[in-house]
Amino acid sequence: MASLQHTPIFLQPTKSPHSIPSRSNLIHNLSFSATFPSLKLKAAAAAAAAATTTNGGASSAKMASSAATSYASALADVAKSNNTLDATSGDVEKIEKIFTNQQVFDFFANPVIEIEKKREMLDQIAASSSLSPHTANFLNILVDSGRIDLIKDIVSEFEVVYNNLTDTQLAVVSSVVKLESQHLAQIAKQVQKLTGAKNVRIKTVIDPSLVAGFTIRYGSSGSKLIDMSVKKQLEEIAAQLDLGDIKLGV
């Protein structure tokens with residue numbers, strides 16, 4: 001089974017399950033200044049709720065996608081207004097990793113568990129993961145509105161919004177073994193040449209089913225694929241992609 005790893009490889013122009021500590025101050029009760037328009041997040045919650053109740057003819061999957069998009073856009077809007085877009089993106093990556101743990105996801109998605117207990121757990125997660133206050137508040141809003149079950153979809157939608165706002169191209173590199181950082185940087189450089197994107201962000205996936213080699217998926221919704229998962233193919237096209245001498249294990 002493929003496993004997702006977050007690799008902090010960014011290419012930009014030359015210019016400028018964790019142990020949870022004891023609960024501290026409740027983030028949910030923090031008083032936010034005018035620089036944090038939390039009402040936008042609450043408005044998004046209301047809009048998302050309306051979307052799931054008024055689109056009677058739409059499938060549940062479409063309604064969930066619409067709600068996730070509303071939440072993700074609201075979070076990005078808040079982050080942009082606070083000049084914390086990159087920091088918020090980092091928070092979202094942490095959230096993705098945390099909620100990959102099925103026990104964590106099931107805890108928050110369980111309607112039987114009291115909201116206050118979920119808030120307490122969020123406070124602990126926010127403290128241990130050093131989440132920004134507005135990100136922690138966002139999670140609390142999802143719990144209060146009963147939409148924390150959308151968190152995985154929201155993470156995916158936020159990534160799309162973030163990439164659009166920052167002209168960032170996401171490239172998912174799948175390989176049998178972990179590639180060295182310099183090789184990932186070379187791949188990022190090639191993807192930038194192919195797409196003309198201002199920035200390139202690399203995510204790595206370890207996928208034993210490839211047997212040997214690696215693949216690079218990029219473009220809208222990963223629509224474009226460079227398949228170098230066989231050693232013979234690697235030898236034939238490595239020179240064209242200028243990826244250098246990459247040693248792969250079988």
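How many Å² does the accessible surface of the protein come to, and what percentage of it belongs to carbon and sulfur atoms? The surface is about 13400 Å², and carbon and sulfur atoms account for 53% of it. Areas here come from the Shrake-Rupley method with a 1.4 Å probe; for residues, only the protein chains shown count as cover.

**Before you start.** This is a predicted model, where local features need pLDDT of at least 70 and side-chain atom pairs count only at pLDDT 80 or more, while totals for chains, interfaces and linings use all residues. Residues are numbered from 1 along each chain as its sequence is written, and side-chain values use heavy atoms, with hydrogens and water left out.

**Whole chain.** Show the cartoon. You have nine helices and five strands. Helices (H or I, at least four residues) and strands (E, at least two) are DSSP runs, numbered from the N terminus. Trace the sequence and the order is β-α-α-α-α-α-α-α-β-α-β-β-β-α. Now colour by burial. Of the 250 residues, 42% are buried. Buried means under 20% relative accessible area, exposed over 50%, and partly exposed in between (1.4 Å probe, protein chains only).

**Two helices.** Select residues 85–99, helix α3, and residues 133–144, helix α6. They pack at an angle of about 45°, with axes 10 Å apart. Axes are lines fitted to C-alpha atoms, for helices over the stretch in contact, and angles run from 0 to 180 degrees between N-to-C directions. That makes α3 oblique to α6. Angles under 35 degrees count as roughly parallel, over 145 as roughly antiparallel, 65 to 115 as roughly perpendicular and the rest as oblique. The α3–α6 crossing is right-handed: the near helix is turned clockwise from the far one by less than a right angle.

**Aromatic rings.** The protein has four aromatic pairs. Rings of Phe, Tyr and Trp (its six-membered ring) pair if their centres lie within 6.5 Å; planes under 30 degrees apart count as stacked, over 60 as edge-to-face and the rest as tilted. Select F99 and F108. Their pair is tilted, at 5.4 Å centre to centre and 45° between the planes. F99 is buried at 3% relative accessible area, and F108 is buried at 1%. F107 is partly exposed, at 24%. F99, F107 and F108 form one aromatic cluster.

**Last stop.** Select K152 and F105. The charged end of K152 sits over the F105 ring, 4.5 Å from its centre. The rule asks for NZ of Lys or CZ of Arg within 6 Å of the ring centre and within 35 degrees of the ring normal.
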